[in-house]
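User: Please go through the terms used for this structure and say what backs each of them.

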Amino acid sequence: MVATITNFKRLPIQDRLSIAGLLYAMLDLYRSDNTFQQYDDLDAQSLFVKLGISDRLINEFLRPTLLVGLFKPPEELSAAVTMELLYFYALAHQDSFDVRWIKSKSIAEHLFAPLSRRLISRHHLQVLGGTLVRRVTLSSDSLRVSSVEVENVATKAVQVIDGVDAVVLAVGAKGLKSLMAQSPELSKVAPELVGAASLGSIDVVSARLWLDRYVPIAYPANVFSRFDSLKGSGGTFFMLDQLHKDAQQALWGDEQPQGSVVASDFYNASAIAAMSDQEIIDRLTRDLLPIAHPAFTNARVVDSEVRRYPGSVSLFSPGSFRKRPPLETSVESIVCAGDWVRMGDKEHGAKGLCQERAYVCGLEAGNSLIRRKIVNGADHSHPVLPIRADEPQVVLGRALNRLVMDPIEALGLKLPWFNS
Ligand SMILES: Cc1cc2nc3c(=O)[nH]c(=O)nc-3n(C[C@H](O)[C@H](O)[C@H](O)COP(=O)(O)OP(=O)(O)OC[C@H]3O[C@@H](n4cnc5c(N)ncnc54)[C@H](O)[C@@H]3O)c2cc1C
């Protein structure tokens, strides 16, 4: 709240102070597995209300923050994951969190293409682009994977890969759902994957506008807060020309640079996704951007692009924790990786919708296969860097809370927000 004092200028101090109870709940979150589970069963909105956080702070600060941090409003989010996100992104790493936007081309071209080229040339990796895994078949004792069936999305050509040592399931809930529907043996022996496949996911829409003039606004990275025209979704917009002052040409490709380039993402965006591309562009240029800053009123759109990503993002709903996929599954040669995976004793400090979490989990999935000698990796397991340690006041607060709360709970008493 202190760090954002210059960004949220209109929030009165008494509303800001009402967040204190949430700081206590954050200290309480990891007291025991049972405590974490109880917070996970609770939705974040109910927790905020029970902690006495003011309506204004919820609606003007926490709700828009969550809509762009976990892509859902607080009533649809696990209170546990909400607190993990706020702690990881805001409280613990305030000074190391900032927005960076790749200057030219895409992450796929700049990061993944060179990585895959290197793996192909040095380690004989075969990459099947535009290809989905349709079915996983198990060995007769159901302990291992025997083959994987894949389908090329464009040509519909099906290929069966035999002699599979191991499978890393790095898919989200939507992908897992269709995979489990086609893999009856796997569904039978791995109920945890069936449970994970039943979890929800979130639609995202992104739009990019090339404008005929430069629009100078105070901050390059912005959150739309409380706009009815968002139809319940969260929204952000980034002034790419301000984030990359030295790369105007790259932003415009072969065209002569004319003005600002705005990237806007909509999360929890099912209603927006149902609109046509032109309606989405109109919504941005008429109902959103000019209200965020009047200088957008006269800007004309020279070019635009809209992309839809249905069911592409993990939804951390209340009570979802016990259903999220584990790192190691009932089938010894299948491991899971991704931001929604529960990592058990390998759990990492990066939380929420987060590439760092997905990446670390991928390393841990590989390490698990090597450690259990399911694949021959000899000395090739990857080190995982922990996030930096909790600050002393957090460590002390957690210890004091445990000292007080454990005996109280042993007497059968609960914190008031756990009484329904
Ligand atoms: C608009 C937006 C902005 C974001 N901004 C940030 C940010 O600034 N910082 C950050 O850390 N995180 C950010 N995130 C979150 C981040 O992108 C995710 O946390 C991360 O991508 C999760 O990685 P993952 O490997 O778990 O899943 P994904 O990246 O979703 O990968 C799953 C992959 O599985 C593929 N797949 C599905 N089914 C199959 C199948 N049957 N066979 C083969 N493949 C299949 C999918 O096509 C997909 O490519 C953002 C997300 C979005 C949508």
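Analyst: The bend at a residue is the angle between two fitted axes, one through the seven residues ending there and one through the seven starting there. Helices (H or I, at least four residues) and strands (E, at least two) are runs assigned by DSSP and numbered from the N terminus. The model is predicted: local features need pLDDT of at least 70 and side-chain atom pairs count only at pLDDT 80 or more, while totals for chains, interfaces and linings use all residues. Residues are numbered from 1 along each chain as its sequence is written.

User: Where does α14 bend, and by how much?

Analyst: The bend is at Leu284 and comes to about 35°.

User: Which residues of α14 are buried, and what covers them?

Analyst: A residue is buried if 20 or more other C-beta atoms, placed from the backbone, lie within 10 Å of its own, exposed if 12 or fewer, and partly exposed in between. Ile280, Arg283, Leu284, Thr285 and Leu289 are buried in α14, so Leu284 falls under the buried class as defined. The cover includes β5 (201-211), β7 (234-239), β8 (261-267), α13 (270-273) and β9 (301-314).

User: What makes α7 lie largely in the open?

Analyst: Of its 17 residues, the number buried is zero, so α7 is described that way. Just after α7, His124 has a positive phi of about 55°.

User: Why are α3 and α6 called roughly perpendicular?

Analyst: Angles are taken between N-to-C directions from 0 to 180 degrees, using lines fitted to C-alpha atoms, for helices over the stretch in contact. Under 35 degrees counts as roughly parallel, over 145 as roughly antiparallel, 65 to 115 as roughly perpendicular, and the rest as oblique. Helix α3 (residues 33-41) meets helix α6 (residues 79-91) at about 100°, with the axes 5 Å apart. They are therefore roughly perpendicular. Phe36, Tyr39 and Asp40 of α3 and Ala79, Ala80 and Met83 of α6 make the contact, where contact means C-beta atoms within 7 Å.

User: Why is Lys351 called buried?

Analyst: Lys351 has 23 C-beta neighbours inside 10 Å, so it counts as buried. Lys351 is in the loop between β10 (334-336) and α15 (355-371). Leaving out residues up to four places away in sequence, Lys351 touches Glu84, Leu85, Phe88 and Arg357. Its C-alpha atom is 9.6 Å from that of Met83, 268 residues away along the chain.

User: How do Ser142 and Lys156 count by C-beta neighbours, and what is the phi of each?

Analyst: Ser142 has 15 neighbours and therefore counts as partly exposed; Lys156 has 7 and counts as exposed. Phi is near 60° at Ser142 and about 65° at Lys156, both positive. Most residues other than glycine have a negative phi. Ser142 sits in the loop between β1 (131-138) and β2 (145-152), and Lys156 in the loop between β2 and β3 (158-162).

Technical notes
Two residues are in contact if their C-beta atoms, placed from the backbone, lie within 7 Å.
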